Amino acid sequence: MPASNPRTKRWTRLEYERLVDLGAFRAGEQVELLGGDLMVCEPQGTTHMTAIRMAEEVLRRAFAAGWEVRTQAPVALDDESEPEPDVVVAPGSFRDYRHAHPTRPALLVEVGDASLESDRVHKGSAYARAQVPEYWIVNLVDDVVEVYRHPIADSGAPFGWRYGSIVRLVPGELISPLAAPQARVRVADLLPSQLP
């Protein structure tokens with residue numbers, strides 16, 4: 001009898017949310033839905049968490065009133081994706097999201113160390129497919145911030161989309177978020193290696 005390819009189940013966001021509500025995952029188990037697949041997230045070290053807190057602090061100052069800045073919280077990107085980016089910037093306040101997760105974030109940030117390649121390829125493609133206008137990776141491996149902008153269709157990308165513009169910024173340079181162009185974020189303020 002010939003070997004058959006194993007079947008897999010693609011999950012929808014509503015099915016995933018039902019699994020969460022039913023307690024299908026153990027407390028502390030880091031799982032997120034990306035393109036219909038359940039992804040297990042890497043454990044976080046202290047440097048990773050420090051970078052998340054740095055980004056949160058910097059982005060709260062940059063975006064100010066009228067923007068919700070949250071960490072490691074779900075985003076309802078589309079019917080197949082509900083990731084939990086390290087930092088999310090969405091319009092409004094937390095009160096606007098009491099019944100549903102944000103669906104149209106202005107900026108998503110991931111801190112990349114062990115997850116760097118997946119953050120670039122898989123999450124980048126999923127975020128581009130959802131038309132997230134701007135995505136940053138705080139790259140702890142190379143001590144830079146990668147800025148991804150301008151989603152474009154690309155049949156070779158995992159989810160059929162990628163970012164058309166990628167810029168790597170080093171300490172000493174500044175970033176102005178697309179949704180807060182008046183703000184000037186110092187790259188050094190996002191990198192734990194630059195702390196005194």
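Predicted model: local features only at pLDDT ≥ 70, side-chain atom pairs only at ≥ 80, totals over all residues.
Buried or exposed: which is alanine 90? With a relative accessible area of 1%, alanine 90 is buried, because anything under 20% falls in that class.

Look past the neighbours within four places in sequence, and alanine 90 is in contact with Trp67, Glu68, Tyr97, Pro102, Pro105 and Ala106. Take glutamate 68 from that list: 22 residues separate it from alanine 90 in sequence, yet the two C-alpha atoms are 5.2 Å apart in space.

Nonpolar side chains tend to be buried together in soluble globular proteins. Here, the largest nonpolar core has 25 residues, and the ones touching the most other members are Leu59, Val109, Trp136, Val145, Ile175 and Leu190. At least two residues of this core come from each of helix H2 (46-63), strand E4 (87-91), E5, E6 and strand E7 (144-153). H2 supplies the largest share, with seven residues.

Valine 109 is worth a click in the viewer. Not counting residues up to four places away in sequence, valine 109 touches Ala55, Leu59, Pro85, Asp86, Val87, Trp136 and Val138. There is also a second, separate core of 15 residues, and alanine 90 turns up again here: the members include Val88, Ala90, Leu108 and Ala128.

## Asparagine 139, a buried polar side chain

Now for strand E6 (residues 134-139), where asparagine 139 is found. Asparagine 139 has a relative accessible area of 0%, so it counts as buried. What does its side chain pair with? The partner is the side chain of glutamate 146, through a polar contact of 2.8 Å.

Glu146 is also one of the residues that asparagine 139 touches once those up to four places away in sequence are set aside; the others are Gly112, Leu116, Arg120, Val144, Arg168 and Leu191.

The largest pocket comes out at about 380 Å³. It is lined by 22 residues, and Glu32, Cys41, Glu42, Ser115 and Lys123 are the closest to its centre. Which elements give two or more residues to this lining? They are strand E1 (31-34), strand E2 (37-40), strand E5 (107-112) and helix H3 (116-129). By class, the lining of the largest pocket splits into eight nonpolar, six polar and eight charged residues.

The second largest pocket has a volume of about 210 Å³. Its lining has 13 residues, with Tyr16, Val20, Phe25, Glu29 and Glu84 nearest the centre. Helix H1 (residues 13-21) gives the most to that lining, namely four residues. Sorted by class, the lining of the second largest pocket has five nonpolar, two polar and six charged residues.

## Two positive phi angles

Most residues other than glycine have a negative phi. Alanine 64 has a positive one, about 55°, although it is not a glycine. You'll find alanine 64 in the loop between H2 and strand E3 (67-71). Its relative accessibility is 46%, so alanine 64 counts as partly exposed.

Histidine 150 also has a positive phi, near 65°, and it too is a residue other than glycine. Histidine 150 is located in strand E7.

Terms used. Residues numbered from 1 in each chain as written. Heavy atoms only, no water. 1 Å grid on protein atoms, 1.4 Å probe; cavity = no way out; pocket = protein on both sides within 12 Å on 5 of 7 lines; lining within 4 Å. Points joined across faces, edges and corners; volume = space filled by probe spheres on them. Nonpolar A, V, L, I, M, F, W, Y, C, P; charged D, E, K, R; others polar. Buried < 20%, exposed > 50% of the residue type's maximum accessible area, 1.4 Å probe, protein only. Polar contact = N/O pair within 3.5 Å; in protein donor to acceptor, adjacent residues only side chain to side chain. Contact = heavy atoms within 4.5 Å. Core = buried A, V, L, I, M, F, W, Y, C linked by side-chain atoms within 4.5 Å.
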